[in-house]
Amino acid sequence: MTWDWQVFLKDDGSGRTYLEWMLDAWGWTLSVAGASWVVAMVVGAFVGTLRTLPYSPWLVRLANAWVELFRNVPLLVQIFIWYFVIPKIFPVMKDLSSFVLVVFALGFFTSARIAEQVRAGVQALPRGQRYAGMAMGFTTAQTYRYVILPMAFRIIIPPLTSESMNLLKNSSVAFAVSIAELTMFAMQAQEETSRGIEIYLAVTALYAISAFAVNRIMAVVEKKLQIPGLVVAGATGGGH
Amino acid sequence: MFGLDLSFVNWDIISRFVIKGFIFSVQLTVVATLGGIIFGTLLALMRLSGKAILTVPATIYVNGMRSVPLVMVILWFFLLVPASFYSLIPGGSNYRAEISAVITFVAFEAAYFSEIMRAGIQSISRGQVNAGRALGMTYAQNMRLIILPQAFRNMVPILLTQTIILFQDTSLVYAIGAYDLLKGFTTAGKLYGRTEEAYLLAAVVYFVICFGLSFMVKRLNSRIAIIR
């Protein structure tokens, strides 16, 4: 077998090279993953916090239902539902671009996993932390804001790191609704050029580099947020 | 309701389109779980062997697989498995996507199961290892009779959870057009012009299966916890 890396300098028929197309696609992958990450973090932190509230059984049930719903349906099916079904049921959402719909799908899917980690993090704290907040005369909201969540989020940074990397990898599923991201590029360029191995190698490398970058960024965040002298064991994560 | 019409669904459609896909999804899940656990345990043993010639390739394989999206791995195998391979299997050339999917999932899941098994083996206390050695067991006997059975048992809930995730991930064979549960629904939906309803039904079926299974894992988990 011979390599033909020149394929990346060829014109793809629209005046740009395959290399430029691939870098564009990388940009789409990073934007989808980045926007979904924000949605997942905000919603996940909120839902995960609700699941640990004392004295609010209905909010806890609602938040638990949220997690079960988004965890037990495959991501691909969720993306199809956001793309095909939701705009039909809610005509208001007809004008949303497929990018926004995929960000919702991926963000909500991941939010369930984040919520699970947040709940585990809050429940891993000794009960005394909550009592300490109450003894200070804090309201529940203040206890969470100043005592529980700052501790819980530090504990769960390792599993959040792996969830963030999962999110990046899961963004590949967006190919299914024709987002012009890396996997879509890989499939189309492979068909057009028949240089599948070179194309796939390059795309795989970009995914690996991106995942590694996420890992390093989170390591820096972890170090920055570390409380000197405090050692906490991370909760275990799972999944892909 | 909401402009949806589910009246097209009947037993005939389910048995013609959905069952076939469901069977493949289940087969893929079962084969990938068993194969993944077998190869994953081997990979874990390689990584824990302490011999660089075994540790290094196993580590590269596991970390490599885990840093690439499953969809890309599916595409890779579909590209790389040679056409002559499919003709080794009777009738195989008609089921290229399906056969390639099975190979992919075993290879991919082995990396994830190996991490679970590695954690399981490491969770066994040194005393157990030493006890085996004190009885004069070889390394292989010690692994087979003392450590692996306990490691496996400790990890059963996590292995089952991974299997549920695996079942959901089988829907990604969409990328190469294999006929799975999701494809069964979409095919029927397209044929009757009811795409949206088909996706909704697929979501409900996946949800019921995965929720039911994870409920069972949770119960098993609490029973195992009491025994321990």
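In chain A, helix H1 (residues 18-50) packs against helix H4 (residues 98-124) at about 40°, and the two axes are 6 Å apart. H1(A) and H4(A) are therefore oblique to each other. The residues that form this contact comprise 17 nonpolar, eight polar and one charged. As for handedness, the crossing of H1(A) over H4(A) is right-handed.

The axes of H8(A) and H9(A) cross at roughly 165° and come within 9 Å. An angle over 145 degrees counts as roughly antiparallel, and H8(A) is therefore roughly antiparallel to H9(A). This crossing, too, is described as right-handed. On the H8(A) side, the contact is made by Leu182(A), Phe185(A), Ala186(A), Ala189(A), Gln190(A) and Thr193(A). H9(A) contributes Gly196(A), Ile199(A), Tyr200(A), Val203(A), Leu206(A) and Tyr207(A). Sorted by class, these residues are nine nonpolar, three polar and no charged.

The loops on either side of H8(A) are worth a look as well. Most residues other than glycine have a negative phi. Ser178(A), in the loop between helix H7 (157-170) and H8 of chain A, has a positive phi of about 60° although it is not a glycine. Ser194(A), in the loop between H8 and H9 of chain A, likewise has a positive phi, near 60°. Are these two serines buried or exposed? Ser178(A) has 12 C-beta neighbours inside 10 Å and so counts as exposed. Ser194(A) has 11 such neighbours inside 10 Å, and therefore also counts as exposed.

Setting aside neighbours within four places in sequence, Trp82(A) is in contact with Leu101(A), Phe104(A) and Ala105(A). Pro158(A), on the other hand, is 76 residues from Trp82(A) along the chain, and their C-alpha atoms are separated by 30 Å.

Turning to chain B, the secondary structure consists of nine helices and zero strands. Along the sequence, the pattern reads α-α-α-α-α-α-α-α-α. The C-alpha atoms of chain B occupy a box of roughly 70 × 50 × 30 Å along the principal axes. Chain B has 228 residues, of which 36% count as buried. Among its contacts with a separation of 6 or more, 74% join residues 24 or more positions apart.

After H8(B) comes Gly193(B), with a positive phi near 65°.

The two chains also meet each other. In this interface, 30 residues of chain A are in contact with 32 residues of chain B. On the chain A side, the elements that give two or more residues are helix H3 (75-89), helix H8 (182-193) and helix H9 (196-225). H3(A) supplies the largest share, eight residues. By class, the chain A side divides into 19 nonpolar, eight polar and three charged residues.

With 16 C-beta neighbours inside 10 Å, Phe211(B) counts as partly exposed. Within its own chain, Phe211(B) is 47 residues from Ile164(B) in sequence, while their C-alpha atoms are 9.1 Å apart in space.

Finally, a word on confidence. Chain B has a mean pLDDT of 89, and 95% of its residues reach 70 or more. The model as a whole scores ipTM 0.89 and pTM 0.89. Where pLDDT is low, the predicted coordinates should not be read in detail.

How values were computed: Residues numbered from 1 in each chain as written. Chains lettered and ligands numbered in written order. Predicted model: local features only at pLDDT ≥ 70, side-chain atom pairs only at ≥ 80, totals over all residues. Helix = DSSP H or I, 4+ residues; strand = E, 2+ residues; numbered from the N terminus. Buried ≥ 20, exposed ≤ 12 C-beta atoms within 10 Å, placed from the backbone. Contact = placed C-beta atoms within 7 Å. Axes fitted to C-alpha atoms, helices over the stretch in contact; angles between N-to-C directions. Parallel < 35°, antiparallel > 145°, perpendicular 65-115°, else oblique. Left-handed = near helix turned anticlockwise from the far one by under 90°. Nonpolar A, V, L, I, M, F, W, Y, C, P; charged D, E, K, R; others polar. pLDDT = per-residue confidence, 0-100.
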